[in-house]
Amino acid sequence: MKIAKNSVVNIDYTLRNPGGDVIDTSDGQGPLTYLHGHGELVPGLEAKLEGRVVGDVLDVVVEPAAGYGIRDAANVMQVPRGKFKGMDIEQGMQIFATDESGGHIPFWITAIGDSEVTVDGNHPLAGETLHFNVSVRGVRAATEEELAHGHVHGEGGHHH
Ligand code: ZN
């Protein structure tokens, strides 16, 4: 069966930067299972997986706009250190702000000064061209329950 919206897909992948350094890989942690067409992968990679079948191996280059976005300097902010009182913060840590509708907006702590903390709303891979090597290991239709929940159940997914 071909990968289409609402397929549960199993892939092995390695992500490298343009210099060839491995940034992330499923090697050693087992294949990644995701629900296709729900924004779980970066858009540029999902688009290339559409229509693929088990056994396909792809090399995909994803430009920043179809990856983790273009770096926007306006998303970098200085926050008084006192705002983090009682929190055990460290550089590289991901934190979440809550917007008016209760959504969670991710930020990354990029520097910690004596009086101010630098927080960056850009994903750490924003602005990066992403080089993926992907092997399709499994494709199946999602169950109705999985679609209702918006995520995969069982192996590689949620257990509840
Ligand atoms: Zn669920």
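The model is predicted, so local features are reported only at pLDDT of at least 70 and side-chain atom pairs only at pLDDT 80 or more, whereas totals for chains, interfaces and linings use all residues. Residues are numbered from 1 along each chain as its sequence is written, and side-chain values use heavy atoms, with hydrogens and water left out.

The protein chain contains two helices and nine strands. Here helices (H or I, at least four residues) and strands (E, at least two) are DSSP runs, numbered from the N terminus. Along the sequence these elements follow the pattern β-β-β-α-β-β-β-β-β-β-α. The C-alpha atoms of the protein chain fill a box of roughly 55 × 40 × 30 Å along the principal axes. Of the 160 residues in the protein chain, 33% are buried; buried means under 20% relative accessible area, exposed means over 50%, and partly exposed lies in between, with a 1.4 Å probe and protein chains only. Among contacts with a separation of 6 or more, 62% join residues 24 or more positions apart, a contact being heavy atoms within 4.5 Å.

The strand pairings may be taken next. Strands of a sheet pair through backbone hydrogen bonds, either parallel or antiparallel. Two strands are treated as paired if DSSP finds at least two bridges between them. By this criterion β1 and β9 pair in the antiparallel sense over ten bridges, and R16 stands opposite H131 in β9. R16 also has a bridge partner in β2, namely V22. Three bridges join β1 to β2 (residues 22-25), and these two strands run antiparallel. They form a hairpin with five residues between them, and G20 in the turn has a positive phi of about 90°. In the segment before β1 lies N6, a residue other than glycine whose phi is also positive, near 75°. N6 counts as partly exposed because its relative accessibility is 26%.

Four strands form an open sheet in the order β5-β8-β7-β6, with antiparallel pairing. Its edge strands are β5 (76-80) and β6 (94-98), each of which pairs on one side only. The twist averages 40° from one strand to the next; axes are lines fitted to C-alpha atoms, for helices over the stretch in contact, and angles run from 0 to 180 degrees between N-to-C directions. Five bridges join β6 to β7 (residues 104-112) in the antiparallel sense, and F96 stands opposite P106 in β7.

The interior is described through its nonpolar cores, each a set of buried Ala, Val, Leu, Ile, Met, Phe, Trp, Tyr and Cys residues joined through side-chain atoms within 4.5 Å. The largest has 19 residues, of which L45, L49 and F132 touch the most other members. The elements giving two or more residues to this core are β1 (7-16), α1 (43-49), β4 (57-62) and β9 (130-141). Strand β9 gives the largest share, five residues. A second, separate core of eight residues includes V79, I89, F107 and V117.

Two residues illustrate the packing. Leaving aside neighbours within four places in sequence, L45 is in contact with V60, V62, F132 and V134. V134 lies in strand β9 and is buried, because its relative accessible area is 0%. Not counting residues up to four places away in sequence, V134 touches I11, D12, Y13, L45, L49, D56, V57 and L58.

The zinc ion remains to be described. It is coordinated by H149 (ND1), H151 (NE2), H153 (NE2) and H160 (NE2), at 2.0 to 2.2 Å. Donors are N, O and S atoms within 2.8 Å of the metal (3.2 Å for Na, K and Ca); water is not among the atoms, so sites may look incomplete. In sequence the donor residues are spaced H-x1-H-x1-H-x6-H. The angles among the four donor atoms are 93 to 124°, and the site is tetrahedral. Four donors count as tetrahedral if all angles lie between 85 and 135 degrees.

Note on methods. Four donors count as tetrahedral if all angles lie between 85 and 135 degrees; four count as square planar and six as octahedral if opposite donors are over 155 degrees apart and all others between 65 and 115; anything else is irregular.
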